[in-house]
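Reader: I would like to learn how to read a helix and a DNA-facing surface in a model such as this one. Could you take me through them step by step?

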There are 2 protein chains.
Amino acid sequence: MSKHRQQILTSLKQAGYKLTKPRRAVIDILTKKQHPLTAADIHRYLPSIDLASIYRALDVLTKLNIAQVEQVNNSSYYYLDSTLHHHIICEQCGYKQCLPCKHTFNINNFVNIKHQLTLTGICQSCAIKLNQQQ
Amino acid sequence: MSKHRQQILTSLKQAGYKLTKPRRAVIDILTKKQHPLTAADIHRYLPSIDLASIYRALDVLTKLNIAQVEQVNNSSYYYLDSTLHHHIICEQCGYKQCLPCKHTFNINNFVNIKHQLTLTGICQSCAIKLNQQQ
DNA sequence: TATTAACTGCAAATCATTTGCAATTATAAC
DNA sequence: GTTATAATTGCAAATGATTTGCAGTTAATA
């Protein structure tokens, strides 16, 4: 369940940021698509917005904890998510699947623990293709 | 507990790879240092070996599951570890603590699943300092 | 020791991300 | 509404990590 658009815009404003076209557009795409996207992915959906501005918008959203980041294969994937969950990404085709998060961590000597679980694998259809190639 | 040097060299050989100077050197550094290193880190220890060769050696080691990778801040950190484990990093001071990994994941529709768990938090001594400041 | 495919070093290419700067724009005050 | 102003944008160039092509070198095997 991702935060409502309006709620996000309000958080931005409260934090002293202007509600600009690139920021709104990035929020809208992340709200609409239900899976993690790279800055380049977002730029493909929003070709009229400069890639640098997309990066800057994503930076702001991440700093405010409105968006989360996951790093896979030297790329950062961003997504909006108030209730924690994880994703598994196919190494071959980039297909993404959501997974509920049931984890809590209690670790000696640490407080305020946050976790990021990155799962990668090969999805069924890629596995089939790869088998056929051999 | 990391695989013994000799054992690693044998695995390489068995997999049909030559035992070259760059490969040996990378294995030695990863064995010696007890924490995750970037290719650039390794190159700093081994300036006479070309960075590209370090990347190629790390690739081989990762493919053979001799080394593992973790991505943090757009850099890949490599380490040798036969028994999987994770790390928790203090957000304040960077202190790292190792954690055993007891996880296996079975996910519908995916095979060859690898996971990377990144934990961050505040370590005890930083938590104390932060409390005193307030 | 000779042969040969695998491997290296180098330089250049690529890809993701960041930055400097002049022009634009959202906001708040009038 | 207009105006003033600092924040933000788009663009182009810079940076940093990683990859690649290629000619020369080397480990392994006979």
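Author: We begin with a term: a residue is called exposed when its relative accessible area is over 50%, and buried when that area is under 20%. Please keep in mind that this is a predicted model.

Reader: Which residues of helix α1 of chain A are buried?

Author: The general idea is that an α-helix has 3.6 residues a turn, so residues three or four places apart point the same way. In α1 of chain A, which runs over residues 5-14, the buried residues are A:Ile8, A:Leu9 and A:Leu12. Seen down the axis of α1(A), these residues fall within an arc of 100 degrees, so they line one face of the helix. The exposed residues A:Gln6, A:Lys13 and A:Gln14 are carried on the face of α1(A) turned away from that buried side.

Reader: What do the buried residues of α1(A) pack against?

Author: Their partners are α2 (21-32), α4 (51-63) and β2 (75-80), which belong to chain A as well.

Reader: Which residues come nearest to DNA strand C?

Author: Of the 20 residues around DNA strand C, the nearest are A:Tyr55, B:Thr20, B:Arg23, B:Ser53 and B:Arg56. Of the atoms of DNA strand C that come within 4 Å of the protein, 68% belong to sugar and phosphate.

Reader: Which element gives the most residues to the surface near DNA strand C?

Author: That element is α4(A), with 4 residues.

How values were computed:
Residues are numbered from 1 along each chain as its sequence is written. Chains are lettered from A and ligands numbered from 1 in the order in which they are written. This is a predicted model: local features need pLDDT of at least 70, side-chain atom pairs count only at pLDDT 80 or more; totals for chains, interfaces and linings use all residues. Side-chain values use heavy atoms; hydrogens and water are left out. Buried means under 20% relative accessible area, exposed over 50%, partly exposed in between (1.4 Å probe, protein chains only). Helices (H or I, at least four residues) and strands (E, at least two) are DSSP runs, numbered from the N terminus. The arc is that of the directions from the helix axis to the C-beta atoms. Contact means heavy atoms within 4.5 Å. A residue is near a molecule or strand if one of its heavy atoms lies within 4 Å of it.
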